[in-house]
Every structure is written in C-alpha cells, then in structure tokens.
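This report looks at a pocket, a sheet and a pair of helices. Have the sequence and the structure at hand while reading.

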Amino acid sequence: MLKDLARKSRSYRGYDETRRMTRQELLELVDCARYAPSSVNRQPFKYYLAWEQEALDKIQPLTGWARALPNMRLPHPGKNPTGFIVICQETEWDPDLSRYLRDVGAVAQTMLLAAAEQGLGGIMIGNFSPKRVAEALALPDHIVPMLIVAFGKPDETVVLTDIPAGGSLNYYRDENDVHYVPKRRLEDVVL
C-alpha cells in the first residue's frame with residue numbers, strides 16, 4: 001500500500017482550481033508531518049497554512065516551477081494549487097538552518113503521501129527567496145521559510161518511465177501536455 005502511495009505521489013504542476021483546499025485538510029497534513037522523525041527530536045518547524053485566495057496570491061508569484069522546462073510556464077493559467085504549506089524553521093530553537101534539511105524533506109514527503117492517500121497531490125518547491133516569502137507573509141524574524149509545498153487536486157497526467165543505465169533523467173512533456181518522469185531502474189540504483 002505504501003508503494004502504491006509512493007507511485008501516486010508525483011510532483012504535480014497542474015491543479016483543478018474548482019477543488020479548494022480547506023484549512024482543516026492542511027491541518028491534517030501538518031498533523032501527519034509532526035510524527036515524522038526529527039534530528040535529536042528538536043522539532044524546529046512551524047507551518048504557515050495558505051488556503052484563502054489572498055494568501056495563495058501572495059505565495060504563488062514568489063515560486064519558481066519546472067526548471068527543466070524553461071520554455072514553459074507552469075502551472076498553466078487556471079491550474080494553480082489551492083493550498084500551500086510553508087515549512088519554516090524556528091531559529092530560536094536552533095539557528096543552524098542546514099542542520100535540519102533532512103527533516104524538512106521527511107515532513108514534506110509525509111505530507112505529500114498523506115495527500116496522495118486522500119486523492120490529492122502536491123509538489124515541493126525549493127525555488128523561492130526565503131526573505132521575500134517571509135516579508136510577503138509578515139513572518140517574524142525568527143521564523144525562516146525552508147520549503148514550500150503546494151497542494152490541490154491534480155489536473156494533469158504524470159507518467160513514470162523506466163530509463164536504461166546512463167539514460168536522461170530530465171522530465172519532459174509531450175505534444176498533449178502529458179508529463180513524463182524518467183526513473184532509474186532498481187538494478188541501476190542498488191550497489
């Protein structure tokens with residue numbers, strides 16, 4: 001069952017904007033994430049939840065999507081996520097921003113798997129300026145954005161493909177806007 005969720009949990013770059021995320025749904029995702037492992041159990045994160053249009057409109061233009069497709073604007077107009085969770089580190093607990101980078105990934109992946117279980121999807125967004133996001137959201141100085149995770153009901157097709165050893169890892173889209181994600185084969189990743 002976990003393997004099925006992992007296959008369903010793709011990096012979606014297109015969403016059905018008529019299916020609005022709710023505060024309660026985002027809270028549920030954070031509730032799952034708070035059980036993720038944490039280095040020396042420090043649990044240094046705080047979470048900014050955005051589901052209302054005003055907050056979504058502040059965050060969306062500050063994010064960069066799909067660097068491997070530089071000639072394409074994603075999400076397409078009318079296909080934006082309807083929820084964001086900004087994972088922030090509370091530096092009063094620990095000012096070392098690099099120490100908990102693994103923890104950021106663990107909590108983000110936990111939320112994405114929980115979303116997939118509910119028939120939703122998301123994407124981790126690391127292409128943003130923490131300073132600009134903190135300013136836009138009026139975050140206190142001791143709260144530093146580390147990763148943005150977008151959520152919503154996926155409205156695009158994502159296809160996983162196996163690639164031979166040494167093949168290209170670049171994701172791509174075909175003429176029908178189907179998103180292809182090459183994955184290395186099991187035999188190519190095991191030492």
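Predicted model: local features only at pLDDT ≥ 70, side-chain atom pairs only at ≥ 80, totals over all residues.

In it, the lining of the largest pocket has five charged residues, two nonpolar ones and one polar one. The residues in question are Lys3, Ala6, Arg7, Arg10, Leu160, Thr161, Asp162 and Lys183. Helix α1 (2-8) and strand β5 (158-163) each give at least two residues to this lining. The volume of the largest pocket is about 200 Å³.

Strand β5 also belongs to a sheet. Strands of a sheet pair through backbone hydrogen bonds, in either a parallel or an antiparallel way. Here the sheet is open, with three strands in the order β5-β7-β6 and mixed pairing. Strands β5 and β6 are its edge strands, each pairing on one side only. The pairing of β5 with β7 is parallel and runs over six bridges.

| Strand | Residues |
|---|---|
| β5 | 158-163 |
| β6 | 172-173 |
| β7 | 179-184 |

The last topic is helix packing. Two packed helices are described by the angle between their axes and by the distance between those axes. The axes of α2 (residues 23-33) and α4 (residues 101-117) come within 8 Å and cross at roughly 130°. Because of this angle, α2 counts as oblique to α4. The crossing of α2 and α4 is right-handed.

Key. Residues numbered from 1 in each chain as written. Heavy atoms only, no water. 1 Å grid on protein atoms, 1.4 Å probe; cavity = no way out; pocket = protein on both sides within 12 Å on 5 of 7 lines; lining within 4 Å. Points joined across faces, edges and corners; volume = space filled by probe spheres on them. Helix = DSSP H or I, 4+ residues; strand = E, 2+ residues; numbered from the N terminus. Nonpolar A, V, L, I, M, F, W, Y, C, P; charged D, E, K, R; others polar. Pairing = 2+ DSSP bridges. Axes fitted to C-alpha atoms, helices over the stretch in contact; angles between N-to-C directions. Parallel < 35°, antiparallel > 145°, perpendicular 65-115°, else oblique. Left-handed = near helix turned anticlockwise from the far one by under 90°.
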